Amino acid sequence: MTKTHCPYCSLQCGMSLERAGRELEVQPWAEFPVNEGALCRKGWTATGLRGHRERLTTPLVRDRATGELRAAGWEEALDLVAGRLRDLRSSYGADAVAVFGGGGLTNEKAYQLGKLARVALGTSQVDYNGRWCMSSAASASNRAFGIDRGLPFPLADIEHTDVLVLVGSNLVETMPPAARHLDRLRENGGHVVVIDPRRTPTADRADTFLQPVPGTDLPIALGLLHLLDAAGAVDEEYVAARTTGWEDVRRAAASWWPERVERVTGVDAAQLRDMGTLLAGAAKVTVLTARGAEQHAQGTDTVLAWIDVALALGMPGRPNAGYGCLTGQGNGQGGREHGQKADQLPGYRMIDDPVAREHVARVWGVPVESVPGKGRSAYELLDALGTDGGPKALLVFGSNIVVSAPNATHVRSRLDDLDLLVVSDIVLSETAAIADVVLPVTQWAEETGTMTNLEGRVILRQQAVAPPEGVRSDLDVMAGLAARLGHDFATDPEEVFAELGRASAGGRADYSEITYDRIREEHGVFWAGPRLFAEAFAHDDGRARFVAVEHRGPAEPVDAAYPLHLTTGRVLAQYQSGAQTRRVRELPDDGPFVELHPMLAQRIGAYDGEPVVITTRRGELKAPARVVDTIRPDTVFVPFHWVGANRLTNDALDPSSRMPEFKVCACAVTMVVSRLGAGAPRTSTTDAPVEVRAKRASKPAQARA
Ligand SMILES: Nc1nc2c(c(=O)[nH]1)N[C@H]1C(S)=C(S)[C@@H](COP(=O)(O)OP(=O)(O)OC[C@H]3O[C@@H](n4cnc5c(=O)[nH]c(N)nc54)[C@H](O)[C@@H]3O)O[C@H]1N2
Ligand SMILES: Nc1nc2c(c(=O)[nH]1)N[C@H]1C(S)=C(S)[C@@H](COP(=O)(O)OP(=O)(O)OC[C@H]3O[C@@H](n4cnc5c(=O)[nH]c(N)nc54)[C@H](O)[C@@H]3O)O[C@H]1N2
Ligand code: SF4
Ligand SMILES: [Mo]
């Protein structure tokens with residue numbers, strides 16, 4: 001029996017893997033405090049990729065003559081990659097080679113990937129998919145608090161807050177075992193507020209539900225600040241002692257009276273006033289943001305506005321209160337701390353900080369001048385591929401870009417213009433399928449490494465079974481490439497972790513005191529401790545910053561041609577690009593769908609289950625309609641776990657985090673001529689028969705599926 005953690009999301013649920021003959025069974029690990037033995041369907045079925053017929057077990061190389069991928073040996077594949085990287089570097093310079101990582105990689109891999117880029121390849125062009133995840137919350141937290149720790153307190157603390165505000169989180173479907181905290185909070189007499197354009201299963205667990213137009217969470221926060229100020233509910237003592245900048249925020253909020261907020265957001269002024277009263281009267285308030293609020297071209301400002309609300313109430317640093325971001329990927333937190341980010345060195349050090357550069361160069365044993373500077377952010381990197389002056393080769397570890405990048409048709413064209421695309425994966429993802437070289441790697445359960453969960457708790461995923469013959473670990477692959485480029489890299493995860501500890505020592509995220517043994521003994525170890533900010537914030541003066549922000553609105557407003565808001569997100573049974581979960585037999589793989597309101601369905605003559613076409617300025621997708629009365633009539637929703645959703649999405653970026661606007665763009669929906677004989681798109685609202693799918697009941701999240 002091996003105690004380990006789920007391969008998927010940032011909750012990193014503890015689980016126990018037991019061998020039963022040739023099978024590997026998932027069993028509860030009841031003592032692990034974050035999930036107390038509960039798992040969601042994805043966790044229970046996580047061994048489904050083991051021994052899967054689509055598992056990659058040999059390197060693949062694209063044959064020049066046939067254009068097809070063919071099996072190759074490891075030496076051939078690695079020699080080929082290293083040789084072509086060397087050639088491209090000598091023709092075009094070191095920045096002609098780019099590296100793209102993932103927030104699902106272990107800390108050891110994320111650290112080694114940054115080192116592979118900076119030391120072995122000498123390129124500044126490295127970034128990762130975390131840019132598309134929580135980067136807006138990260139840049140807001142750095143600005144406001146001087147540090148970016150998703151949750152500065154253990155998740156279970158929310159059970160003891162008085163009011164919990166979830167801004168753009170559907171955690172009942174995205175972190176099902178965490179739903180227990182909502183239930184316990186309400187049993188304790190607490191109040192849950194959910195803000196989402198869709199009445200999700202999470203909203204069904206709320207006492208207050210606000211259903212705004214996508215992209216308008218920022219004015220809601222300004223409206224609340226306006227109300228709190230008018231009611232004299234601002235904690236003046238806390239504001240004076242622990243913060244700076246309140247007066248600017250007060251001025252910015254002054255013109256956001258509730259009726260103006262209602263006009264912009266669609267949220268009733270009366271409902272907003274009630275929420276203001278609720279917050280004003282609560283002793284402990286916790287605000288949590290997730291992708292719904294963050295994945296916008298004004299995502300950073302939106303998070304800053306919500307941090308302003310928490311600060312005005314005097315919450316951050318108080319027990320069972322404050323602000324946090326619900327990070328998403330398995331190693332969403334650690335993945336952004338150890339140097340796979342374009343502007344960053346291990347330990348959350350900034351790459352343009354001379355002291356940080358000296359320290360890390362010493363650990364790496366290289367001259368400090370050889371450490372490259374800041375590179376392009378994820379989307380800007382992809383956008384530059386194959387262009388004049390852009391990278392000619394891309395190495396991908398742990399991301400399925402073809403499915404999950406915004407404006408996917410354009411990104412695909414950039415990938416097609418590369419001289420060399422190398423993908424390391426466990427299956428032939430849509431991105432691996434177009435690569436020149438595919439390197440098959442070990443997966444979770446076949447290897448050991450640490451992850452840092454959404455609370456900043458460093459946990460240990462331990463190897464439970466031997467990998468299939470023919471695959472190598474990512475650490476082996478990186479060492480193999482480094483060796484061919486003249487560098488000696490460690491491959492033992494514990495050794496790499498110790499090196500990471502030294503490189504991070506003294507940084508904002510300092511792992512130097514953490515060891516595998518301590519993690520095993522303590523159910524995970526929090527870097528910087530479980531609770532931050534009780535005494536001081538991380539800025540030099542110890543104070544948090546209020547930041548005054550303005551509402552700009554979505555980069556692409558609706559108009560006559562594209563009259564609807566499109567938003568995207570997740571369903572419970574699939575994970576991310578679906579590369580893994582679409583292959584797990586026990587999980588429903590029912591394709592993308594277009595969720596829309598009965599009123600909209602009636603207007604266009606669409607029927608539940610029948611195909612509709614959704615169009616944006618960038619592309620179109622045909623998929624079955626899912627007619628539900630839980631979504632705003634002016635908004636449609638498409639899950640992104642299947643190819644297609646991202647052909648539609650907008651690549652407008654947040655100016656500070658460089659987060660793409662996944663959560664809102666303008667679209668049009670028309671019905672397709674169907675077998676029911678309906679014809680051209682309709683505008684009539686009187687005669688179209690509408691079948692309304694019963695609101696899907698919230699799934700028994702904690703029950704074993
Ligand atoms: N089942 C499942 N769980 C997952 C994942 C998965 O792929 N599948 N991925 C993991 C990862 S990496 C992440 S980042 C997390 C994401 O976790 P969440 O952020 O909870 O997931 P999303 O579905 O992306 O978005 C949450 C909600 O935002 C709403 N929303 C859309 N636009 C807006 C808006 O403008 N404002 C507001 N307030 N809400 C809006 C959507 O309707 C949706 O219900 O989930 C993690 N857990
Ligand atoms: N429209 C829309 N698009 C979105 C989002 C959205 O809400 N809407 N959300 C965004 C968010 S929050 C995220 S996090 C991204 C995620 O999108 P992706 O980056 O595509 O995430 P995954 O599907 O997890 O991709 C991981 C890939 O790595 C492989 N893999 C798994 N483990 C390992 C490993 O240890 N090593 C290696 N080498 N490979 C491994 C998997 O098989 C898979 O192919 O999508 C973003 N895209
Ligand atoms: S919530 Fe589900 S996907 Fe996330 S770690 Fe737990 S079992 Fe895995
Ligand atoms: Mo994410």
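Which feature does UniProt place at residues 1–52? Its unreviewed entry puts "domain: 4Fe-4S Mo/W bis-MGD-type" there, with positions in the numbering used here, a shortened feature name, and the caveat that annotations may be inferred rather than shown by experiment. Colour that stretch by secondary structure: 8% helix and 33% strand, with the end C-alpha atoms 22 Å apart. Helices (H or I, at least four residues) and strands (E, at least two) are DSSP runs, numbered from the N terminus.

A quick word on ground rules. This is a predicted model, where local features need pLDDT of at least 70 and side-chain atom pairs pLDDT 80 or more, while totals for chains, interfaces and linings use all residues. Residues count from 1 along each chain as written, chains are lettered from A and ligands numbered from 1 in written order, and side-chain values use heavy atoms, without hydrogens or water.

Next, select 449–452, 457–461 and 525–526. You get an open, antiparallel three-stranded sheet, ordered 19-20-21 (pairing takes at least two DSSP bridges). Strands 19 and 21 are the edges, each with a single partner, so one side of each lacks a neighbour in the sheet. Two bridges join strand 20 to strand 21; find Val458 opposite Val525.

Now jump to ligand 2. Of the 30 residues around it (a heavy atom within 4 Å), Asn129, Ser399, Ser404, Asp425 and Ser577 come nearest. Show polar contacts (N or O pairs within 3.5 Å): a polar side-chain atom of Ser404 sits 2.6 Å from a ligand 2 oxygen, and a side-chain N or O of Asp474 is 2.7 Å from a ligand 2 nitrogen.

Technical notes:
A polar contact is a pair of N or O atoms within 3.5 Å; within protein, one must be able to donate a hydrogen and the other to accept it, and residues adjacent in sequence count only if both atoms are side-chain atoms.
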